[in-house]
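Keep the 3D view open and find each spot as you go.

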Amino acid sequence: MSVKRDSFSLSFAVGAYGTAFGAASVTAHFSLLQSCLLSLLTFSGASQFAVIGVVGAGGSAISAIATASLLGTRNALYGVRMAPILKVRGFRRVVAAQVTIDESTAISTAQKEPRDQITGFWHTGFGVFIFWNIFTLLGALGAKTIGNPSAWGLDAAVPAAFIGLVWPRLIDTRTRLIAAAAVALSLALVPFTPAGVPIITTALLAIIVGWRA
Amino acid sequence: MSIQWIAVIGTSVLAFALKYVGHSVPPKWLAHPRITRINALIPIVLLTALVAINSVTVKTKIVIDHRMAGLAVAITALYFKLPFPVIVLGAAVGSAIAYHFGH
């Protein structure tokens, strides 16, 4: 069945990025256990990179949690879309919620048949979960064995991962202008605010622009 | 408890809560157009700010260093629509080369 094949290839491809997360997380002074727990428990790529990005840049735990959680709000909206398709309760709903991410929702909502929508969600959700966690461990172990992260370019891998995540979203002039404003605002705040604050403050831009239309 | 532990636990708890809320509240609560619009913009501003801060700052100072070479490689790779692992690896290689030239 093609939905299972699609789920598997997407799961493997996305899961492999876990290597970049594991390596970046160790570089940002998170332990092996902390890096693996982020992938097991938070299990949302952008939020995980945000936590290590904010803490790695010297930000407080509060800024890290706030930034990561704002990036996680889209998963709540995915849940709204998935609930009527999956129709699960109790423990199954807990499991469904944990694997509600960009990829499982995307594969599911791309299917026509309700049965394929359900299959696509579970296969992609579990598939990404398994590969993402395996590759996180491998990346973290790899980064642990090398010495100075800067000598291996790992300090540039973090912003590269972020730009890779945001690039496909910069689809028109409006979003590019908003992105440019976010760069300007965050860098302007750097000398005057504690680390981490410049990042979370850009959420105001999203609220102001999104509020008005 | 270290900053890292607080961040790991706090983020994990809230990440799951957000996912679970989506599956459990009446859809109309979260389907408001204003919420959908703001929600679509949030990743754009936060991820872009994370690019900027992680590329050119150290603590609370602007610092231009070898990471710029990595960022330039990443942008070039994105322009040519290369896949994500190539972008991240390319950036690491570019940055590492610049680092060794500078030291």
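Helices here are DSSP runs of at least four residues, numbered from the N terminus. With that in hand, look just past H4(B): B:Lys81 takes a positive phi of about 55° there. Bear in mind that this is a predicted model.

**Helix H4 of chain B**
- H4 covers residues 67-79 of chain B, 13 residues in total, and spans 18 Å from first C-alpha to last, close to the 18 Å expected.
- Which residues of H4(B) are buried? They are B:Arg67, B:Gly70, B:Leu71, B:Ala74, B:Ala77 and B:Leu78.
- Looking down the axis of H4(B), you'd see these buried residues fall within an arc of 125°, so they line one face of the helix.
- An α-helix has 3.6 residues a turn, so residues three or four places apart point the same way.
- The buried residues of H4(B) pack against H9 of chain A, along with H3, E1 and H5 of chain B.

**Aromatic pairs**
- Over all chains, the structure holds 11 aromatic pairs.
- One of them joins A:Phe43 and A:Phe129: their ring centres are 4.9 Å apart and their planes at 75°, so the pair is edge-to-face.
- A:Phe43 sits in the loop between H3 and H4 of chain A and A:Phe129 in H8 of chain A, so the pair ties together parts 86 residues apart in sequence.
- A:Phe43 is buried, at 2% relative accessible area, while A:Phe129 is partly exposed, at 22%.
- Ring pairs also link A:Phe8, A:Phe12, A:Phe131 and A:Phe135 into a cluster.

**A charge over a ring**
- B:Arg34 lies over the face of A:Trp211, 4.1 Å from the ring centre.

Notes
Residues numbered from 1 in each chain as written. Chains lettered and ligands numbered in written order. Predicted model: local features only at pLDDT ≥ 70, side-chain atom pairs only at ≥ 80, totals over all residues. Heavy atoms only, no water. Helix = DSSP H or I, 4+ residues; strand = E, 2+ residues; numbered from the N terminus. Expected span 1.5 Å × (residues − 1). Buried < 20%, exposed > 50% of the residue type's maximum accessible area, 1.4 Å probe, protein only. Arc of directions from axis to C-beta. Contact = heavy atoms within 4.5 Å. Phe/Tyr/Trp six-rings, centres within 6.5 Å; stacked < 30°, edge-to-face > 60°. Lys NZ or Arg CZ within 6 Å of the ring centre and 35° of its normal.
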